[in-house]
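Visitor: I would like to learn how to read the features of a protein model, one at a time. Could you take me through them slowly?

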Amino acid sequence: MGEQKTVEDFANWLRDLAVTLHENAAYLTELDSAIGDADHGTNMDRGFTAIVAVLDETTFESVDELLKKAGMTLVSKVGGASGPLYGTFFLRFGTALAGAEITPASVGAALKAGIGGILTRGKPELGDKTMYDAWAPALEAYDGAVAGGSDLGGALAAAAEAAAKGRDATIPLVARKGRASYLGERSAGHQDPGATSTTLLLESAARTLA
Amino acid sequence: MGFMKKLINDPADVVSEALRGMEAAHPDHIRVDHENRIVYRKDAPKAGKVGLISGGGSGHEPMHGGFVGLGMLDAACAGEVFTSPVPDQMMAATKEVDAGAGVLHIVKNYTGDVMNFEMAAELAAAEAGTEVLSVVTDDDVAVQDSLYTAGRRGVGVTVLLEKLVGAAAEEGRPLQEIADLAKRINDNGRSMGMALTSCTVPAAGKPTFELAENEMEVGIGIHGEPGRQRLPLAPAKDIAALLVDPVVGDLPYQQGDTVIAFMNGMGGTPLIELYLMYNEVRQLLDRAGITVARSLVGNYITSLEMAGCSVTLLKVDDELVRLWDAPVNTPGLRWRA
(Lines give C-alpha, C1' and ligand atoms only; values in the text may rest on other atoms or scores of the structure.)
Protein backbone atom coordinates (compact mmCIF):
# COMPACT_ATOMS: atom_id res chain seq x y z
CA MET A 1 0.00 0.00 0.00
CA GLY A 2 2.92 2.40 -0.50
CA GLU A 3 4.95 3.88 2.29
CA GLN A 4 3.38 5.78 5.17
CA LYS A 5 2.96 9.49 4.40
CA THR A 6 5.02 11.82 6.54
CA VAL A 7 4.66 15.34 7.81
CA GLU A 8 6.91 16.43 4.88
CA ASP A 9 4.45 14.92 2.39
CA PHE A 10 1.59 16.88 3.92
CA ALA A 11 3.71 20.05 3.98
CA ASN A 12 4.42 19.50 0.29
CA TRP A 13 0.69 19.25 -0.32
CA LEU A 14 0.15 22.64 1.32
CA ARG A 15 3.01 24.16 -0.68
CA ASP A 16 1.66 22.72 -3.93
CA LEU A 17 -1.80 24.00 -3.07
CA ALA A 18 -0.38 27.47 -2.37
CA VAL A 19 1.20 27.54 -5.84
CA THR A 20 -2.02 26.25 -7.43
CA LEU A 21 -4.17 28.82 -5.66
CA HIS A 22 -1.76 31.60 -6.60
CA GLU A 23 -1.91 30.55 -10.24
CA ASN A 24 -5.70 30.35 -10.10
CA ALA A 25 -6.29 33.48 -7.99
CA ALA A 26 -7.48 35.64 -10.89
CA TYR A 27 -9.70 32.81 -12.16
CA LEU A 28 -11.33 32.26 -8.75
CA THR A 29 -11.88 36.00 -8.32
CA GLU A 30 -13.43 36.17 -11.77
CA LEU A 31 -15.88 33.38 -10.86
CA ASP A 32 -16.64 35.26 -7.64
CA SER A 33 -17.22 38.51 -9.56
CA ALA A 34 -20.08 36.92 -11.45
CA ILE A 35 -22.10 35.90 -8.40
CA GLY A 36 -20.26 37.18 -5.35
CA ASP A 37 -17.97 39.99 -4.34
CA ALA A 38 -14.78 39.43 -6.30
CA ASP A 39 -12.42 38.42 -3.52
CA HIS A 40 -12.24 34.61 -3.36
CA GLY A 41 -8.99 34.18 -5.32
CA THR A 42 -7.27 37.05 -3.53
CA ASN A 43 -8.33 35.73 -0.13
CA MET A 44 -7.26 32.12 -0.73
CA ASP A 45 -3.96 33.31 -2.18
CA ARG A 46 -3.33 35.50 0.87
CA GLY A 47 -4.18 32.65 3.26
CA PHE A 48 -1.95 30.06 1.63
CA THR A 49 0.89 32.53 1.17
CA ALA A 50 0.72 32.94 4.96
CA ILE A 51 0.75 29.16 5.39
CA VAL A 52 3.91 28.87 3.28
CA ALA A 53 5.53 31.57 5.44
CA VAL A 54 4.69 29.47 8.52
CA LEU A 55 6.08 26.31 6.86
CA ASP A 56 9.30 28.15 6.06
CA GLU A 57 9.96 29.11 9.65
CA THR A 58 8.49 26.21 11.64
CA THR A 59 9.36 22.53 11.92
CA PHE A 60 6.34 20.36 12.67
CA GLU A 61 6.64 17.13 14.57
CA SER A 62 3.38 15.63 13.42
CA VAL A 63 0.82 15.81 10.63
CA ASP A 64 -1.94 16.92 12.98
CA GLU A 65 0.15 19.82 14.36
CA LEU A 66 0.91 20.91 10.81
CA LEU A 67 -2.70 20.79 9.65
CA LYS A 68 -4.06 22.49 12.76
CA LYS A 69 -1.57 25.32 12.33
CA ALA A 70 -2.65 25.64 8.69
CA GLY A 71 -6.25 25.89 9.86
CA MET A 72 -5.48 28.53 12.47
CA THR A 73 -3.51 30.51 9.88
CA LEU A 74 -6.47 30.50 7.48
CA VAL A 75 -8.85 31.59 10.25
CA SER A 76 -6.46 34.42 11.17
CA LYS A 77 -5.54 35.60 7.69
CA VAL A 78 -8.37 35.04 5.26
CA GLY A 79 -11.60 36.53 6.63
CA GLY A 80 -14.78 36.36 4.61
CA ALA A 81 -16.60 33.05 4.63
CA SER A 82 -13.74 31.05 3.14
CA GLY A 83 -11.47 31.78 6.13
CA PRO A 84 -13.73 30.17 8.76
CA LEU A 85 -14.81 27.39 6.38
CA TYR A 86 -11.40 26.24 5.13
CA GLY A 87 -9.85 27.11 8.49
CA THR A 88 -12.34 24.91 10.32
CA PHE A 89 -11.81 22.15 7.73
CA PHE A 90 -8.06 22.01 8.37
CA LEU A 91 -8.49 22.33 12.16
CA ARG A 92 -10.86 19.37 12.33
CA PHE A 93 -8.96 17.41 9.65
CA GLY A 94 -5.77 17.80 11.69
CA THR A 95 -7.42 17.11 15.04
CA ALA A 96 -8.86 13.85 13.72
CA LEU A 97 -5.38 12.67 12.72
CA ALA A 98 -3.83 13.33 16.14
CA GLY A 99 -2.06 10.17 17.27
CA ALA A 100 -3.36 8.23 14.28
CA GLU A 101 -1.38 6.28 11.76
CA ILE A 102 -1.76 7.81 8.29
CA THR A 103 -3.81 5.24 6.38
CA PRO A 104 -6.45 5.57 3.67
CA ALA A 105 -9.05 4.88 6.36
CA SER A 106 -7.73 7.40 8.91
CA VAL A 107 -7.44 10.12 6.27
CA GLY A 108 -11.00 9.29 5.19
CA ALA A 109 -12.24 9.67 8.76
CA ALA A 110 -10.31 12.95 9.03
CA LEU A 111 -11.81 14.23 5.76
CA LYS A 112 -15.23 13.42 7.15
CA ALA A 113 -14.42 15.32 10.35
CA GLY A 114 -13.16 18.31 8.35
CA ILE A 115 -16.26 18.37 6.17
CA GLY A 116 -18.30 18.07 9.36
CA GLY A 117 -16.68 21.31 10.48
CA ILE A 118 -17.78 23.00 7.26
CA LEU A 119 -21.31 21.73 7.87
CA THR A 120 -21.33 23.11 11.42
CA ARG A 121 -19.99 26.49 10.36
CA GLY A 122 -21.89 27.06 7.12
CA LYS A 123 -24.92 24.75 7.41
CA PRO A 124 -24.96 24.00 3.67
CA GLU A 125 -27.14 21.40 2.04
CA LEU A 126 -26.40 19.54 -1.13
CA GLY A 127 -27.45 21.65 -4.12
CA ASP A 128 -27.11 25.02 -2.33
CA LYS A 129 -24.36 25.91 -4.84
CA THR A 130 -21.52 25.98 -2.33
CA MET A 131 -18.19 24.23 -1.75
CA TYR A 132 -20.17 21.44 -0.09
CA ASP A 133 -21.40 20.42 -3.56
CA ALA A 134 -17.80 19.42 -4.27
CA TRP A 135 -16.96 18.06 -0.79
CA ALA A 136 -19.94 15.72 -0.45
CA PRO A 137 -19.43 13.66 -3.64
CA ALA A 138 -15.67 13.74 -3.02
CA LEU A 139 -16.05 12.09 0.38
CA GLU A 140 -18.42 9.49 -1.03
CA ALA A 141 -16.00 8.66 -3.85
CA TYR A 142 -13.07 8.53 -1.43
CA ASP A 143 -14.85 6.10 0.88
CA GLY A 144 -15.94 3.99 -2.08
CA ALA A 145 -12.39 3.80 -3.39
CA VAL A 146 -11.02 2.81 0.04
CA ALA A 147 -13.71 0.14 0.39
CA GLY A 148 -12.60 -1.15 -3.02
CA GLY A 149 -9.01 -1.50 -1.80
CA SER A 150 -7.53 1.76 -3.11
CA ASP A 151 -4.41 3.25 -1.57
CA LEU A 152 -4.34 6.88 -0.37
CA GLY A 153 -3.35 8.31 -3.76
CA GLY A 154 -6.03 6.35 -5.56
CA ALA A 155 -8.71 7.37 -3.10
CA LEU A 156 -7.70 11.03 -3.31
CA ALA A 157 -7.74 10.86 -7.11
CA ALA A 158 -11.26 9.44 -6.98
CA ALA A 159 -12.25 12.21 -4.57
CA ALA A 160 -10.77 14.92 -6.80
CA GLU A 161 -12.57 13.52 -9.84
CA ALA A 162 -15.89 13.48 -7.99
CA ALA A 163 -15.28 17.00 -6.67
CA ALA A 164 -14.73 18.23 -10.23
CA LYS A 165 -18.05 16.70 -11.28
CA GLY A 166 -19.74 18.30 -8.28
CA ARG A 167 -18.11 21.61 -9.16
CA ASP A 168 -19.39 21.42 -12.75
CA ALA A 169 -22.84 20.49 -11.47
CA THR A 170 -23.03 23.79 -9.55
CA ILE A 171 -23.24 25.74 -12.83
CA PRO A 172 -27.01 25.48 -13.41
CA LEU A 173 -27.89 25.71 -9.72
CA VAL A 174 -29.61 28.66 -8.03
CA ALA A 175 -27.55 29.64 -4.99
CA ARG A 176 -29.18 29.28 -1.58
CA LYS A 177 -26.23 30.18 0.64
CA GLY A 178 -23.65 32.94 0.78
CA ARG A 179 -23.61 36.16 -1.17
CA ALA A 180 -24.56 34.44 -4.42
CA SER A 181 -27.97 33.68 -2.89
CA TYR A 182 -28.83 37.40 -3.05
CA LEU A 183 -28.98 37.05 -6.82
CA GLY A 184 -31.76 34.49 -6.79
CA GLU A 185 -32.35 33.03 -10.26
CA ARG A 186 -29.55 35.14 -11.68
CA SER A 187 -26.97 32.99 -9.92
CA ALA A 188 -27.79 30.11 -12.27
CA GLY A 189 -25.36 29.60 -15.15
CA HIS A 190 -22.26 30.38 -13.08
CA GLN A 191 -19.77 27.96 -11.55
CA ASP A 192 -19.43 28.22 -7.78
CA PRO A 193 -16.03 29.64 -6.73
CA GLY A 194 -15.96 27.67 -3.44
CA ALA A 195 -16.62 24.35 -5.17
CA THR A 196 -13.85 25.31 -7.58
CA SER A 197 -11.25 25.97 -4.86
CA THR A 198 -12.28 22.75 -3.09
CA THR A 199 -11.61 20.83 -6.29
CA LEU A 200 -8.19 22.48 -6.60
CA LEU A 201 -7.45 21.46 -2.99
CA LEU A 202 -8.31 17.82 -3.64
CA GLU A 203 -6.52 17.70 -7.00
CA SER A 204 -3.42 19.02 -5.26
CA ALA A 205 -3.78 16.38 -2.54
CA ALA A 206 -4.09 13.65 -5.15
CA ARG A 207 -0.93 14.91 -6.89
CA THR A 208 1.22 15.26 -3.79
CA LEU A 209 0.01 12.45 -1.52
CA ALA A 210 -0.07 9.72 -4.18
CA MET B 1 -9.92 44.46 -19.25
CA GLY B 2 -10.55 48.05 -18.23
CA PHE B 3 -7.86 50.27 -16.80
CA MET B 4 -8.15 50.81 -13.06
CA LYS B 5 -8.00 54.52 -12.29
CA LYS B 6 -7.64 54.89 -8.52
CA LEU B 7 -5.67 56.99 -6.03
CA ILE B 8 -3.65 54.08 -4.72
CA ASN B 9 -0.07 52.85 -4.54
CA ASP B 10 -0.31 49.07 -4.37
CA PRO B 11 -3.70 47.29 -4.23
CA ALA B 12 -2.36 45.19 -1.35
CA ASP B 13 -1.68 48.30 0.77
CA VAL B 14 -5.00 50.14 0.31
CA VAL B 15 -6.53 49.29 3.69
CA SER B 16 -3.41 49.78 5.82
CA GLU B 17 -2.46 53.07 4.15
CA ALA B 18 -6.02 54.41 4.44
CA LEU B 19 -6.01 53.58 8.17
CA ARG B 20 -2.76 55.54 8.58
CA GLY B 21 -4.35 58.52 6.87
CA MET B 22 -7.45 58.24 8.98
CA GLU B 23 -5.46 58.23 12.19
CA ALA B 24 -3.44 61.23 11.02
CA ALA B 25 -6.61 63.12 10.09
CA HIS B 26 -8.55 62.47 13.29
CA PRO B 27 -6.09 62.35 16.19
CA ASP B 28 -8.70 63.83 18.56
CA HIS B 29 -11.24 61.07 17.91
CA ILE B 30 -9.35 57.84 17.31
CA ARG B 31 -6.21 55.80 17.64
CA VAL B 32 -5.40 52.87 15.37
CA ASP B 33 -3.86 49.49 16.14
CA HIS B 34 -2.19 49.04 12.78
CA GLU B 35 -1.05 45.49 13.37
CA ASN B 36 -4.60 44.30 14.03
CA ARG B 37 -6.29 46.94 11.89
CA ILE B 38 -8.57 48.16 14.64
CA VAL B 39 -9.80 51.74 14.98
CA TYR B 40 -10.26 52.60 18.67
CA ARG B 41 -12.04 55.47 20.27
CA LYS B 42 -9.25 57.67 21.61
CA ASP B 43 -10.34 57.32 25.25
CA ALA B 44 -11.49 53.66 25.18
CA PRO B 45 -12.14 51.81 27.40
CA LYS B 46 -14.61 54.06 29.20
CA ALA B 47 -15.12 52.90 32.77
CA GLY B 48 -18.59 51.48 33.42
CA LYS B 49 -19.68 51.78 29.78
CA VAL B 50 -20.70 48.85 27.59
CA GLY B 51 -18.13 48.52 24.81
CA LEU B 52 -19.53 48.69 21.28
CA ILE B 53 -17.64 46.94 18.51
CA SER B 54 -18.44 46.65 14.87
CA GLY B 55 -16.44 45.79 11.84
CA GLY B 56 -16.60 44.46 8.37
CA GLY B 57 -14.91 44.61 5.04
CA SER B 58 -13.32 47.89 4.03
CA GLY B 59 -14.64 49.95 1.13
CA HIS B 60 -17.76 51.17 2.96
CA GLU B 61 -16.20 54.30 4.46
CA PRO B 62 -17.03 56.15 6.60
CA MET B 63 -18.58 52.94 8.04
CA HIS B 64 -17.29 51.53 10.41
CA GLY B 65 -14.05 53.24 11.41
CA GLY B 66 -15.56 56.66 10.80
CA PHE B 67 -18.22 55.95 13.40
CA VAL B 68 -15.78 55.40 16.24
CA GLY B 69 -15.89 58.07 18.92
CA LEU B 70 -18.11 59.68 21.52
CA GLY B 71 -21.73 58.57 21.17
CA MET B 72 -21.06 55.74 18.71
CA LEU B 73 -18.54 52.86 18.55
CA ASP B 74 -15.60 52.07 20.81
CA ALA B 75 -13.83 50.00 18.18
CA ALA B 76 -14.12 49.00 14.53
CA CYS B 77 -12.28 46.08 12.94
CA ALA B 78 -11.31 46.64 9.32
CA GLY B 79 -11.13 43.71 6.92
CA GLU B 80 -9.72 43.71 3.42
CA VAL B 81 -11.89 45.45 0.84
CA PHE B 82 -15.32 43.76 0.96
CA THR B 83 -13.91 40.90 3.09
CA SER B 84 -14.93 40.32 6.68
CA PRO B 85 -12.26 40.88 9.32
CA VAL B 86 -10.90 37.84 11.15
CA PRO B 87 -11.67 36.54 14.66
CA ASP B 88 -8.24 37.61 15.99
CA GLN B 89 -9.17 41.24 15.36
CA MET B 90 -12.54 40.97 17.09
CA MET B 91 -10.94 39.17 20.03
CA ALA B 92 -8.30 41.88 20.43
CA ALA B 93 -10.89 44.65 20.17
CA THR B 94 -13.21 42.91 22.63
CA LYS B 95 -10.49 42.64 25.26
CA GLU B 96 -9.35 46.21 24.71
CA VAL B 97 -12.73 47.96 25.05
CA ASP B 98 -14.16 45.84 27.86
CA ALA B 99 -14.46 48.16 30.84
CA GLY B 100 -16.21 45.57 32.98
CA ALA B 101 -19.70 46.24 31.64
CA GLY B 102 -19.48 43.80 28.76
CA VAL B 103 -19.25 44.20 24.99
CA LEU B 104 -21.82 44.27 22.19
CA HIS B 105 -20.81 43.05 18.73
CA ILE B 106 -22.73 44.78 15.94
CA VAL B 107 -22.61 42.44 12.95
CA LYS B 108 -24.04 42.91 9.48
CA ASN B 109 -25.73 39.80 8.15
CA TYR B 110 -23.25 38.42 5.65
CA THR B 111 -22.10 34.83 5.74
CA GLY B 112 -18.46 35.74 6.36
CA ASP B 113 -19.07 38.46 8.92
CA VAL B 114 -21.42 36.27 10.95
CA MET B 115 -19.01 33.28 10.90
CA ASN B 116 -15.99 35.31 11.92
CA PHE B 117 -17.79 37.14 14.73
CA GLU B 118 -19.24 33.80 15.92
CA MET B 119 -15.76 32.27 16.02
CA ALA B 120 -14.52 35.30 17.95
CA ALA B 121 -17.36 34.94 20.47
CA GLU B 122 -16.61 31.20 20.86
CA LEU B 123 -12.92 31.90 21.42
CA ALA B 124 -13.74 34.68 23.89
CA ALA B 125 -15.99 32.29 25.80
CA ALA B 126 -13.25 29.67 25.81
CA GLU B 127 -10.71 32.12 27.17
CA ALA B 128 -13.39 33.31 29.63
CA GLY B 129 -13.85 36.77 31.01
CA THR B 130 -15.66 39.25 28.86
CA GLU B 131 -19.41 39.04 28.52
CA VAL B 132 -20.27 39.39 24.84
CA LEU B 133 -23.69 39.79 23.25
CA SER B 134 -24.27 40.41 19.59
CA VAL B 135 -26.84 41.88 17.27
CA VAL B 136 -27.04 41.00 13.59
CA THR B 137 -28.52 43.65 11.28
CA ASP B 138 -30.57 42.39 8.34
CA ASP B 139 -32.66 45.22 6.90
CA ASP B 140 -32.31 44.84 3.12
CA VAL B 141 -35.74 44.10 1.63
CA ALA B 142 -34.20 43.29 -1.77
CA VAL B 143 -33.34 39.86 -0.40
CA GLN B 144 -36.11 37.49 0.52
CA ASP B 145 -35.65 36.20 4.02
CA SER B 146 -36.14 32.52 3.37
CA LEU B 147 -34.47 29.16 3.63
CA TYR B 148 -33.26 29.74 0.09
CA THR B 149 -30.99 32.68 0.80
CA ALA B 150 -28.33 33.64 3.33
CA GLY B 151 -31.01 35.92 4.79
CA ARG B 152 -31.36 39.63 4.38
CA ARG B 153 -28.23 41.74 4.19
CA GLY B 154 -27.32 44.26 6.85
CA VAL B 155 -27.18 47.66 5.20
CA GLY B 156 -28.33 51.21 6.04
CA VAL B 157 -29.96 50.46 9.38
CA THR B 158 -26.49 49.55 10.70
CA VAL B 159 -25.48 53.23 10.59
CA LEU B 160 -28.60 54.38 12.44
CA LEU B 161 -28.25 51.55 14.96
CA GLU B 162 -24.63 52.39 15.74
CA LYS B 163 -25.65 56.01 16.44
CA LEU B 164 -28.68 55.17 18.59
CA VAL B 165 -27.12 52.34 20.56
CA GLY B 166 -23.99 54.45 20.97
CA ALA B 167 -26.06 57.15 22.68
CA ALA B 168 -27.69 54.57 24.95
CA ALA B 169 -24.32 53.10 25.93
CA GLU B 170 -23.08 56.60 26.70
CA GLU B 171 -25.90 56.86 29.29
CA GLY B 172 -24.39 53.89 31.12
CA ARG B 173 -27.17 51.42 30.41
CA PRO B 174 -26.43 47.72 31.03
CA LEU B 175 -25.41 45.28 28.28
CA GLN B 176 -28.66 43.32 28.05
CA GLU B 177 -30.68 46.52 27.74
CA ILE B 178 -28.33 47.78 25.01
CA ALA B 179 -28.63 44.47 23.13
CA ASP B 180 -32.43 44.54 23.39
CA LEU B 181 -32.51 48.10 22.10
CA ALA B 182 -30.25 47.11 19.18
CA LYS B 183 -32.59 44.25 18.28
CA ARG B 184 -35.63 46.54 18.45
CA ILE B 185 -33.93 49.06 16.13
CA ASN B 186 -33.03 46.37 13.61
CA ASP B 187 -36.58 45.00 13.71
CA ASN B 188 -38.03 48.42 12.91
CA GLY B 189 -35.66 49.33 10.06
CA ARG B 190 -35.83 48.46 6.36
CA SER B 191 -33.68 49.41 3.36
CA MET B 192 -33.41 49.10 -0.41
CA GLY B 193 -30.59 50.17 -2.73
CA MET B 194 -29.81 50.68 -6.39
CA ALA B 195 -26.71 51.24 -8.53
CA LEU B 196 -26.00 53.32 -11.63
CA THR B 197 -22.50 51.89 -11.97
CA SER B 198 -20.49 48.98 -10.63
CA CYS B 199 -17.32 49.44 -8.60
CA THR B 200 -13.78 48.14 -8.87
CA VAL B 201 -12.23 46.17 -6.00
CA PRO B 202 -8.57 47.30 -6.06
CA ALA B 203 -7.21 43.74 -5.90
CA ALA B 204 -9.54 42.61 -8.71
CA GLY B 205 -8.60 45.53 -10.97
CA LYS B 206 -11.80 45.67 -12.97
CA PRO B 207 -15.47 46.42 -12.31
CA THR B 208 -17.36 43.65 -10.53
CA PHE B 209 -20.16 43.82 -13.08
CA GLU B 210 -20.85 45.66 -16.32
CA LEU B 211 -23.79 48.00 -16.75
CA ALA B 212 -24.74 49.55 -20.06
CA GLU B 213 -25.22 53.32 -20.17
CA ASN B 214 -28.99 53.00 -20.17
CA GLU B 215 -29.23 50.39 -17.41
CA MET B 216 -29.39 50.32 -13.63
CA GLU B 217 -29.25 47.55 -11.00
CA VAL B 218 -32.01 47.53 -8.43
CA GLY B 219 -31.78 45.62 -5.17
CA ILE B 220 -28.02 45.83 -4.73
CA GLY B 221 -26.09 45.35 -1.52
CA ILE B 222 -22.91 47.16 -0.55
CA HIS B 223 -20.27 44.87 -2.04
CA GLY B 224 -20.57 45.61 -5.72
CA GLU B 225 -22.46 42.36 -6.07
CA PRO B 226 -25.09 42.45 -8.80
CA GLY B 227 -28.65 43.13 -7.63
CA ARG B 228 -31.97 41.41 -8.02
CA GLN B 229 -33.01 43.10 -11.24
CA ARG B 230 -31.51 44.98 -14.13
CA LEU B 231 -33.85 47.68 -15.40
CA PRO B 232 -33.75 50.51 -17.94
CA LEU B 233 -32.59 53.78 -16.40
CA ALA B 234 -35.54 55.88 -15.22
CA PRO B 235 -36.21 59.40 -13.86
CA ALA B 236 -35.39 59.99 -10.18
CA LYS B 237 -39.04 59.99 -9.13
CA ASP B 238 -39.55 56.53 -10.58
CA ILE B 239 -36.38 55.23 -8.95
CA ALA B 240 -37.51 56.70 -5.63
CA ALA B 241 -40.75 54.75 -5.89
CA LEU B 242 -38.84 51.56 -6.80
CA LEU B 243 -36.95 51.92 -3.52
CA VAL B 244 -39.58 53.37 -1.20
CA ASP B 245 -42.52 51.14 -2.13
CA PRO B 246 -40.90 47.81 -1.20
CA VAL B 247 -39.46 49.35 1.97
CA VAL B 248 -42.78 50.81 3.11
CA GLY B 249 -44.68 47.68 2.16
CA ASP B 250 -42.37 45.33 3.99
CA LEU B 251 -42.53 46.33 7.67
CA PRO B 252 -45.10 47.74 6.81
CA TYR B 253 -44.79 51.43 7.65
CA GLN B 254 -48.27 52.83 8.02
CA GLN B 255 -50.08 56.11 7.97
CA GLY B 256 -49.33 57.87 11.26
CA ASP B 257 -45.93 56.22 11.75
CA THR B 258 -42.94 58.37 12.60
CA VAL B 259 -39.57 57.53 11.06
CA ILE B 260 -35.96 58.52 10.65
CA ALA B 261 -35.41 58.70 6.89
CA PHE B 262 -31.89 57.96 5.62
CA MET B 263 -30.92 58.72 2.02
CA ASN B 264 -27.53 57.11 1.59
CA GLY B 265 -25.09 57.52 -1.28
CA MET B 266 -23.11 54.50 -2.50
CA GLY B 267 -19.90 56.53 -2.81
CA GLY B 268 -19.92 57.85 -6.37
CA THR B 269 -23.10 59.91 -6.40
CA PRO B 270 -22.87 63.64 -5.67
CA LEU B 271 -24.79 65.19 -2.80
CA ILE B 272 -26.90 67.27 -5.20
CA GLU B 273 -28.41 64.04 -6.59
CA LEU B 274 -28.89 62.61 -3.11
CA TYR B 275 -30.82 65.72 -2.07
CA LEU B 276 -32.85 65.52 -5.26
CA MET B 277 -33.64 61.90 -4.47
CA TYR B 278 -34.45 62.75 -0.87
CA ASN B 279 -36.98 65.29 -2.14
CA GLU B 280 -38.68 62.53 -4.11
CA VAL B 281 -38.59 60.13 -1.16
CA ARG B 282 -39.99 62.78 1.16
CA GLN B 283 -42.94 63.42 -1.17
CA LEU B 284 -43.73 59.70 -1.31
CA LEU B 285 -43.62 59.47 2.47
CA ASP B 286 -45.81 62.57 2.84
CA ARG B 287 -48.35 61.02 0.51
CA ALA B 288 -48.30 57.81 2.55
CA GLY B 289 -48.94 59.79 5.74
CA ILE B 290 -45.58 58.82 7.25
CA THR B 291 -44.02 61.55 9.40
CA VAL B 292 -40.27 62.11 9.14
CA ALA B 293 -38.95 63.04 12.57
CA ARG B 294 -35.29 63.21 11.57
CA SER B 295 -33.32 62.67 8.37
CA LEU B 296 -29.80 61.83 7.29
CA VAL B 297 -28.57 62.47 3.73
CA GLY B 298 -25.07 61.65 2.53
CA ASN B 299 -22.48 58.95 1.82
CA TYR B 300 -22.32 56.90 5.02
CA ILE B 301 -22.37 53.21 4.03
CA THR B 302 -20.74 53.05 0.65
CA SER B 303 -19.55 50.58 -1.94
CA LEU B 304 -16.25 52.12 -3.09
CA GLU B 305 -16.91 54.41 -6.07
CA MET B 306 -20.27 52.92 -6.98
CA ALA B 307 -22.84 55.48 -8.13
CA GLY B 308 -26.28 54.94 -6.69
CA CYS B 309 -28.17 55.24 -3.45
CA SER B 310 -30.18 53.44 -0.84
CA VAL B 311 -33.19 54.38 1.23
CA THR B 312 -33.54 53.34 4.87
CA LEU B 313 -36.56 53.96 7.06
CA LEU B 314 -36.52 53.39 10.79
CA LYS B 315 -39.74 53.57 12.76
CA VAL B 316 -39.06 55.57 15.90
CA ASP B 317 -40.66 56.62 19.17
CA ASP B 318 -39.76 59.56 21.40
CA GLU B 319 -36.98 57.61 23.08
CA LEU B 320 -35.25 56.82 19.80
CA VAL B 321 -35.58 60.44 18.63
CA ARG B 322 -33.99 61.56 21.90
CA LEU B 323 -31.12 59.09 21.41
CA TRP B 324 -30.71 60.31 17.82
CA ASP B 325 -30.39 63.91 19.04
CA ALA B 326 -27.80 63.04 21.71
CA PRO B 327 -24.30 64.37 20.99
CA VAL B 328 -22.05 62.40 18.69
CA ASN B 329 -18.45 63.15 17.83
CA THR B 330 -16.83 60.79 15.35
CA PRO B 331 -14.89 61.32 12.11
CA GLY B 332 -17.99 60.53 10.06
CA LEU B 333 -20.90 61.86 12.10
CA ARG B 334 -20.88 64.80 14.51
CA TRP B 335 -23.37 67.01 16.21
CA ARG B 336 -23.98 68.67 19.54
CA ALA B 337 -27.04 68.16 21.66
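Guide: Let us begin with one pair of residues: Asn264(B) has Ser310(B) as its bridge partner in β12(B). Please keep in mind throughout that this is a predicted model.

Visitor: Which strands does that pair belong to, and in what sense do they run, parallel or antiparallel?

Guide: The strands are β10 (residues 258-265) and β12 (residues 308-315) of chain B, which pair in the antiparallel sense over seven bridges. Both belong to an open sheet of six strands in chain B, whose order is β9-β8-β7-β12-β10-β11 and whose pairing is mixed.

Visitor: Which strands stand at the edges of that sheet?

Guide: The edge strands are β9 (229-232) and β11 (291-298) of chain B, and each has a single partner strand, so one side of each is left without a neighbour in the sheet. From one strand to the next, the twist averages 20 degrees.

Visitor: Which helix packs on the sheet, and which strands does it touch?

Guide: Helix α4 (residues 157-170) of chain B packs there, touching β7 (189-195), β10 and β12 of chain B, and its direction makes about 45 degrees with that of β12(B).

Visitor: How should I read the side chains along a strand?

Guide: The general idea is that in a regular strand the side chains alternate between the two faces of the sheet. In strand β2 (residues 38-41) of chain B, Ile38(B) and Tyr40(B) point one way while Val39(B) and Arg41(B) point the other way, and all are buried.

Visitor: What are the partners of β2(B)?

Guide: Strand β1 (residues 30-33) of chain B pairs with β2(B) in the antiparallel sense over four bridges, and Asp33(B) has Ile38(B) as its bridge partner in β2(B). These two strands, β1(B) and β2(B), form a hairpin with four residues between them, and in the turn Arg37(B) has a positive phi of about 55 degrees. β2(B) also pairs with β4(B), in the antiparallel sense over three bridges, and here Tyr40(B) has Ala75(B) as its bridge partner.

Visitor: Why is β4(B) described as largely enclosed?

Guide: Seven of the seven residues of strand β4 (residues 75-81) of chain B are buried, so the strand is largely enclosed by the rest of the structure. Strand β3 (residues 51-58) of chain B pairs with β4(B) in the parallel sense over five bridges, with Ser54(B) standing opposite Ala76(B).

Visitor: How do I describe two helices that pack together?

Guide: Two packed helices are described by the angle between their axes and the distance between the axes. Here helix α6 (residues 236-250) and helix α7 (residues 271-288) of chain B pack at an angle of about 50 degrees, with their axes 9 Å apart. That angle makes α6(B) oblique to α7(B), and the crossing of the two helices is right-handed. Among the residues that make the contact are Ala240(B) and Val244(B) of α6(B) and Leu276(B) and Leu284(B) of α7(B). By class, this contact of α6(B) with α7(B) has ten nonpolar, no polar and two charged residues.

Visitor: How many residues does each chain give to the contact between chain A and chain B?

Guide: The contact takes 26 residues from chain A and 30 residues from chain B. On the side of chain A that touches chain B, the elements giving two or more residues are α2 (25-35), α3 (40-57), α4 (63-77) and α5 (82-96) of chain A, and α4(A) gives the most, with three residues. The residues of that side of chain A divide into six nonpolar, twelve polar and eight charged.

Technical notes
Residues numbered from 1 in each chain as written. Chains lettered and ligands numbered in written order. Predicted model: local features only at pLDDT ≥ 70, side-chain atom pairs only at ≥ 80, totals over all residues. Buried ≥ 20, exposed ≤ 12 C-beta atoms within 10 Å, placed from the backbone. Pairing = 2+ DSSP bridges. Axes fitted to C-alpha atoms, helices over the stretch in contact; angles between N-to-C directions. Parallel < 35°, antiparallel > 145°, perpendicular 65-115°, else oblique. Left-handed = near helix turned anticlockwise from the far one by under 90°. Contact = placed C-beta atoms within 7 Å. Nonpolar A, V, L, I, M, F, W, Y, C, P; charged D, E, K, R; others polar.
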